[in-house]
Amino acid sequence: MKPRPPTPAHSPDGKAAGGAQARPDLLARLAATQAERARAGLLRRLRTVDEVEGGYVWIGGRRLLNFASNDYLGLARHPALVEALAAAAARWGVGASAAHLLGGHREEHAALEAALAQWTGRERALLFSTGYMANLGVVTALLGAGELCVQDKLNHASLIDAAHLAGAELKRYVHADAASAARQLETRPAAAALLATDGVFSMDGDVAPLHELAALGQAQGATLMVDDAHGLGVLGPAGAGSVAEAALSQHEVPVLMATLGKALGVAGAFVAGRAALIDGLVQDARAFVYTTALPPALAAATRTALDLARHEGWRRTQLGVLIAHFRHGAAARGLALLDSRTPIQPVRIGDAATALAVAARLEEAGFYVPAIRPPTVPKGHARLRVALSALHTEGEVERLLDALVKALRGNDTIPTQTP
Ligand SMILES: *Cc1c(COP(=O)(O)O)cnc(C)c1O
C-alpha cells in the first residue's frame, strides 16, 4: 500500500472535539501526500485539451503532434463512428436509463456482444461500462476470499485492485516469466486459482508469453485470464487480438477481457468466453449488475468501429510500417527503446525528474509525449511512452525521432530536482 506522510493532528492540541483520541484529518493527510509527491517530482498534472485536429491536439494554446493516444487505428474521430453514434442516439436517446438487468440492455448491446464474441472466436461476450469495472467484476465473481490470484508484476492497476477487492491472496510473478508464475502457483497446489496477465503490457508494449501461460494454466488447473486492452484491433488475424494471434481457444484462455476505448476508439469493455462464464458473470459480477448500462449509441458506434477494425487491414499495415520506422530510426540514433513490436514504444529514461524535463522539452518543440513515472511504472523506470497511430505519417515519426534526440541531449543541463 502507499506510504503515508506523518499524520497531521486533527486539532492543534492533538485532541478531537470532545477530548477523545486524536483522529487523522483525511483531507489534511491527502494534502500532505500531495506535497510529498510534488517534492519527489511525482505530481500528476491534469491538462485540458482544447481542440483535436487530425493527429494534433491543442493544449495550453499550442498545437502539438500527439503521440499519447491509444487510438491506434485512428478510429476515434472517424465520420462513420460519429454517424452511427448520432443515428443511434436519435433512435435510443442518450442514456440507457437503467442497469442491464432492469431494462437497460438494448438491442444495440446484444448485437455488439454477438459481434465481439464472433470476432474473438468465443461463444459469448458481456459488455461492461469500463475496462476497470470489467476487471473488478470478473475477478470478484471468480475468486473468493483467501483464494489465489497469480499476476504478472506489470499487470494493469485494475487487475491488481480487482484481486484486492476479491480479498484473494495476490502473488505477483517476475514480468513475462512463466516459470516464475509456476512457482507462485505451486505454493498452493490445491487452492482455486486465477492466473491473470495483460496481453500487451500497457506501459511497456511487449506481449505476454501466452502459449506458456496457457500450458501452465492447464497443467496446474488454474484459470487463465488475459486482459487484451492493447492487443485488440492491433494484433492477430483481422485484429482479433493477442489471444487470436497466439491461436488460443476459449478452452486454453477461458477468460478474455478487452476494452473498447483503445484501438476501437469508443469506450467500455467486454469479457468473452464460454456461455457458462458469461451466465455466471450476469449473476455475480457486481460491477455489471449494479451499474447503468453503457449508452446504446456507444454500442452502435462500437459495432461500426469493430467492422472498420476488422476489415480495414491497411490500418494495421500502416501501424506496422510506422513501428518499424520508429525502431530503425531510434536504433540509428542510439535511443534506448524497450523490446516492443506494438504501437506502444517506450523510450527509457530512468529518473522521474529527467523524464519530466525531456517531455517538457518535447512539448516546446511541438510534440505531446507524456512522461510515465512511478507509481505507474517501478521506481527508476520512468520513461516517455510513445504511442503510434495509423493516422501518423513516416515523416511525422521522423520529426519525432529528431526531436527526441535533441530533447535527450539537453539532459546534461537538467537539474535533478523537479523544476
Ligand atoms: C486501459 C486499460 C484498462 C482499463 O480500461 P478502461 O476502459 O479505460 O477503464 C484495463 N486494462 C488495461 C491493460 C488497460 O490498458
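Guide: Let us start with Tyr290, which lies in the loop between helix H10 (286-289) and helix H11 (296-311). Please bear in mind that this is a predicted model.

Visitor: Why is Tyr290 called exposed?

Guide: The relative accessibility of Tyr290 is 62%. Exposed means over 50%, so Tyr290, at 62%, counts as exposed. Tyr290 also lies 51 Å from Gly334 in space, C-alpha to C-alpha, while the two are 44 residues apart in sequence.

Visitor: Why is Ala176 called partly exposed?

Guide: Ala176 has a relative accessibility of 28%. Buried requires under 20% and exposed over 50%, with partly exposed in between; Ala176, at 28%, therefore counts as partly exposed. Ala176 is placed in the loop between strand S6 (169-173) and helix H6 (178-186), and has a positive phi of about 60° although it is not a glycine.

Visitor: What makes Ala238 partly exposed?

Guide: The relative accessible area of Ala238 is 34%. The class runs between the 20% and 50% cut-offs, so Ala238, with 34%, is partly exposed. Its phi is positive too, about 55°, although Ala238 is not a glycine. Ala238 belongs to the loop between strand S8 (223-227) and helix H8 (242-245).

Visitor: Which residues does the cis peptide bond join, and what is omega there?

Guide: The bond joins Pro374 and Pro375, with omega at about 5°. Pro375 is found in the loop between strand S13 (371-372) and strand S14 (382-387).

Visitor: Which element gives the most to the shell around the ligand?

Guide: Helix H4 (residues 131-142) does, with three residues. By class, the shell has two nonpolar, nine polar and three charged residues.

Visitor: Which residues touch the most other members of the largest nonpolar core?

Guide: They are Leu116, Phe270, Phe326, Leu384 and Leu388, in a core of 62 residues. Helix H14 (residues 394-409) supplies the largest share of this core, eight residues. At least three residues come from each of domain 1 (49-73 + 313-409) and domain 2 (80-311).

Key. Residues are numbered from 1 along each chain as its sequence is written. This is a predicted model: local features need pLDDT of at least 70, side-chain atom pairs count only at pLDDT 80 or more; totals for chains, interfaces and linings use all residues. Side-chain values use heavy atoms; hydrogens and water are left out. Helices (H or I, at least four residues) and strands (E, at least two) are DSSP runs, numbered from the N terminus. Ala, Val, Leu, Ile, Met, Phe, Trp, Tyr, Cys and Pro count as nonpolar, Asp, Glu, Lys and Arg as charged, and the others, Gly among them, as polar. A nonpolar core is a set of buried Ala, Val, Leu, Ile, Met, Phe, Trp, Tyr and Cys residues joined through side-chain atoms within 4.5 Å. Buried means under 20% relative accessible area, exposed over 50%, partly exposed in between (1.4 Å probe, protein chains only). Domain bounds come from an automatic or database domain assignment.
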